[in-house]
Amino acid sequence: MNIKLNHKKAGIFQIVFSIYWMYRNLSIIYDYRIHPDILRLFWIPEWILFVQAIIGLIGIILGIFVFKGKIRVRNGYLIFGLIWIIGFATEIII
């Protein structure tokens with residue numbers, strides 16, 4: 001029972017983090033389109049924000065798999081971590 005509980009906690013954490021990540025990127029896109037007259041110090045290209053929103057969606061799917069126990073917690077976090085690092089690196093580099 002303890003192992004299933006850990007899967008559920010880890011899955012919920014990954015889902016919540018991914019929802020926040022998607023919300024952050026989609027709200028920036030929304031802000032760019034609704035308030036284009038505001039001068040910003042840094043302007044993240046929209047395609048990077050879309051890619052990061054897709055990364056958030058992948059994280060939600062992986063979190064659901066971890067929650068249901070279809071993949072192990074370590075594998076789910078490893079895949080999500082690698083994808084997230086790649087997405088974060090593209091935001092910093094470009």
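**Exercise 1.** Is Phe-17 buried, partly exposed or exposed?

*Solution.* Keep in mind that we're working with a predicted model. Start with the number: Phe-17 has a relative accessible area of 28%. Buried would need under 20%, and exposed over 50%. So Phe-17 comes out as partly exposed.

**Exercise 2.** Work out how the rings of Phe-17 and Phe-80 are arranged, and where the two residues lie.

*Solution.* Take the geometry to begin with: the ring centres of Phe-17 and Phe-80 are 6.0 Å apart, and the planes meet at 90 degrees. Anything over 60 degrees counts as edge-to-face, so that's the label for this pair. Next, the locations: Phe-17 sits in helix 1 and Phe-80 in helix 3 (residues 73-93).

**Exercise 3.** Now classify the pair Phe-13 and Phe-17, and say how they are placed along helix 1.

*Solution.* The structure holds seven aromatic pairs. In this one, the centres are 6.5 Å apart and the planes are at 20 degrees, so Phe-13 and Phe-17 are stacked. Both belong to helix 1 (residues 2-34), and because they are four residues apart, about one helical turn separates them. Phe-13 itself is exposed, at 53% relative accessibility.

**Exercise 4.** Which residues form one aromatic cluster, and which charge lies over the face of Trp-21?

*Solution.* The cluster is made up of Phe-13, Phe-17, Trp-21, Phe-80, Trp-84 and Phe-88. Over the face of Trp-21 you'll find Arg-24, at 5.1 Å from the ring centre.

Technical notes:
Residues numbered from 1 in each chain as written. Predicted model: local features only at pLDDT ≥ 70, side-chain atom pairs only at ≥ 80, totals over all residues. Heavy atoms only, no water. Phe/Tyr/Trp six-rings, centres within 6.5 Å; stacked < 30°, edge-to-face > 60°. Buried < 20%, exposed > 50% of the residue type's maximum accessible area, 1.4 Å probe, protein only. Lys NZ or Arg CZ within 6 Å of the ring centre and 35° of its normal.
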